[in-house]
Amino acid sequence: MDHYNLIDGELHVEDVPLARIAEAVGTPVYVYSAATFQRHARAFRDGLAAIPRKHLAFAVKANPNLAVLRLLANEGFGADVVSGGELARALAAGMAAKDVVFSGVGKTRAELDQALQVGIGQFNLELEEEGVVLSQLAVARGVRAPATIRVNPDVDAGTHEKISTGRAENKFGLPIDEALAIFGRLAPLPGLELRGVALHIGSQLQSLAPLERAFERVGRLVADLRAAGHTITHVDLGGGLGVRYRAGDTPPSPAEFGDMVARVTRDWDVELMFEPGRVISANAGVLLTEVLWVKPGPVNPWVIVDSAMNDLARVALYDAWHDFEAVRPSGEKMTANVAGPVCESSDVFAKGREIDVVKSGDLAILRSAGAYGATMASTYNSRPLVPEVLASGDRFEIVAGRISAEAIMAEEHVPDWLK
Ligand code: LLP
C-alpha cells in the first residue's frame, strides 16, 4: 500500500498533485511520501509483534536522505550502516549511536575507530582479522566493542545474481562451518564483547524459503556456540524482504515474515535484530519525470524522458522493472520503449511495454523508486544530481537540492602546467 493515487484524473502524492511539485522544483525529481514510510515502518514492526526482544535498524544504503532517516528514527528505527558517511548521516538525523549497527566487508581502520569513538551499538565482523584490529583499536580507547560475526550460510536467495550475498562464492560473511572456530579465537580478545551472529543473504527476496533455511543454519550455530561455552545474546537476521515492483510480484508480507521468524527462532532466547531497507522505502518513492520527445522507432516509438540511468540505475544494473505511468493519464495505451537522454544503450527504462499514451511535455513517474534510487544516482554525462522532495498530507518540501553540473565542476581544477 502506498499513497500515490489518482484524484480527479491526476496523480497525487498524498494530497499534493505531482504536477505542483514538478512546477515548483522541476524534473527529474524524486518524490517521497511520509505516510507511506510510516505505514511500512509500522507494518514491519507489527509483523514482528510476537518477537519479545528486537532491534530494528533501517538499512541506510536504501535511502540515506536525512529527512527520511529522521522520519524513521521517529518511528523507533535505528540504522544499519556500511560506511563512515552513513554513520555520520544516521547521527546527523538524530539516531542514537547505540542504535547503529555497522555492517560491510570493507570497513577501514579509520571507520572502525570513528564508530568506536561515537560508541555505536554493534559491529558485524566479516573476517577474523577485522576482529583482531577492532579489538586493538578498542583497547587503545579503553572500551570493548559489541560485536557479532557475520556468517555466510551458503544459501541461494533466489534473487538477481548481483544482489545475492549469502552463497559461499560471494564475498560476504565467514564460512558458516568455520564460524565456531573463529568465534572461539576472537571471543577472548580484550577489546571485543563478542555476543552473537549476523547474516544477510540477499535483497528483493520473493520467497521466505531461503531465509528460513539460512535462519535454521544460524540457529544450529548458536546452539553449537553455546555448547562451546560462549554467551550468545544477539542475532542479526539482516534485511532482504522483497517488494512488489510489477503486477504479479508476490513478495512475502511482513506478517508472514514475522510468523516464520517467530517459529524458527522460538527457542533462541536472544535479542533479534533486523536490517530492512527496500521493504520500508521502495514503494514510498517515485521518480517524477517529463517526457521530452516521442521519437518514432522501427518497432515501437521511443518515449525519451528527462530522467536517465544516472538518476535511477536499477534498470541498467539489474534489469529491474519500474512501472511507468502518466501523471494525467487519458486512459489510452500505447506500446513503446521508455528511455533517458544518456548516451548508452542501457539507458532504457522499459522496452516494448504497454504504457499510458504520453506526448512531449507530459509528466510521468517511475514507481517504486524510494529504495536504491537517489542514493545510487550519479552525475554521468554531466547531468545535475537529482533532487528529492518529501510530501506529507497537503504539504511538500525539498529535502535534497538539485546539485548543478556547475557546482560539481567547481570542485575540479586544471593544473597550471597544462595552461
Ligand atoms: N543488511 C545488509 C548487510 C545489506 O547488505 C543490505 C543490502 C541490507 C541489510 C538491506 O537489504 P534490503 O532489505 O534492502 O533488501 N542496489 C540493489 C540492492 C543492494 C542491496 C545491498 N545490501 C538494488 O537496487 O536492488
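Is Asp 8 buried or exposed, and how many other C-beta atoms lie within 10 Å? Asp 8 is exposed, with 7 other C-beta atoms within 10 Å. The views below come from a predicted model, in which local features need pLDDT of at least 70, side-chain atom pairs count only at pLDDT 80 or more, and totals for chains, interfaces and linings use all residues. Residues are numbered from 1 along each chain as its sequence is written.

**View 1. Asp 8 lies in the loop between strand 1 (4–7) and strand 2 (10–13).** Although Asp 8 is not a glycine, its phi is positive, at about 50 degrees. Most residues other than glycine have a negative phi. Strands (E, at least two residues) and helices (H or I, at least four residues) are DSSP runs, numbered from the N terminus.

**View 2. Ser 368 lies in the loop between strand 19 (363–366) and strand 20 (388–392).** This residue, too, is not a glycine and has a positive phi, here about 55 degrees. Ser 368 is buried, with 28 other C-beta atoms within 10 Å.

**View 3. A cis peptide bond joins Thr 27 and Pro 28.** Its omega is about -5 degrees. Most peptide bonds are trans. Pro 28 belongs to the loop between helix 1 (18–25) and strand 4 (29–33).

**View 4. Strand 11 (residues 192–198) is mostly covered.** Of its 7 residues, 5 are buried. Strand 11 pairs with strand 9 (residues 145–152) in the parallel sense, over 6 bridges; two strands pair if DSSP finds at least two bridges between them. Within this pairing, Leu 192 of strand 11 is the bridge partner of Ala 145.

**View 5. Strand 11, helix 8 (residues 209–227) and strand 12 (residues 234–236) form a right-handed β-α-β unit.** A crossover is right-handed if, with the strands pointing away from the viewer, the path from the first strand over the helix to the second runs clockwise. Strand 11 and strand 12 pair in the parallel sense over 3 bridges. Val 197 stands opposite Val 235 in strand 12.

**View 6. Residues 30–370 carry a domain annotation from UniProt.** The unreviewed entry gives the feature as "domain: Orn/DAP/Arg decarboxylase 2 C-terminal". Over residues 30–370 the chain is 30% helix and 24% strand, and the end C-alpha atoms are 8 Å apart.

Definitions and conventions: Buried ≥ 20, exposed ≤ 12 C-beta atoms within 10 Å, placed from the backbone. UniProt positions renumbered as here; feature names shortened; annotations may be inferred.
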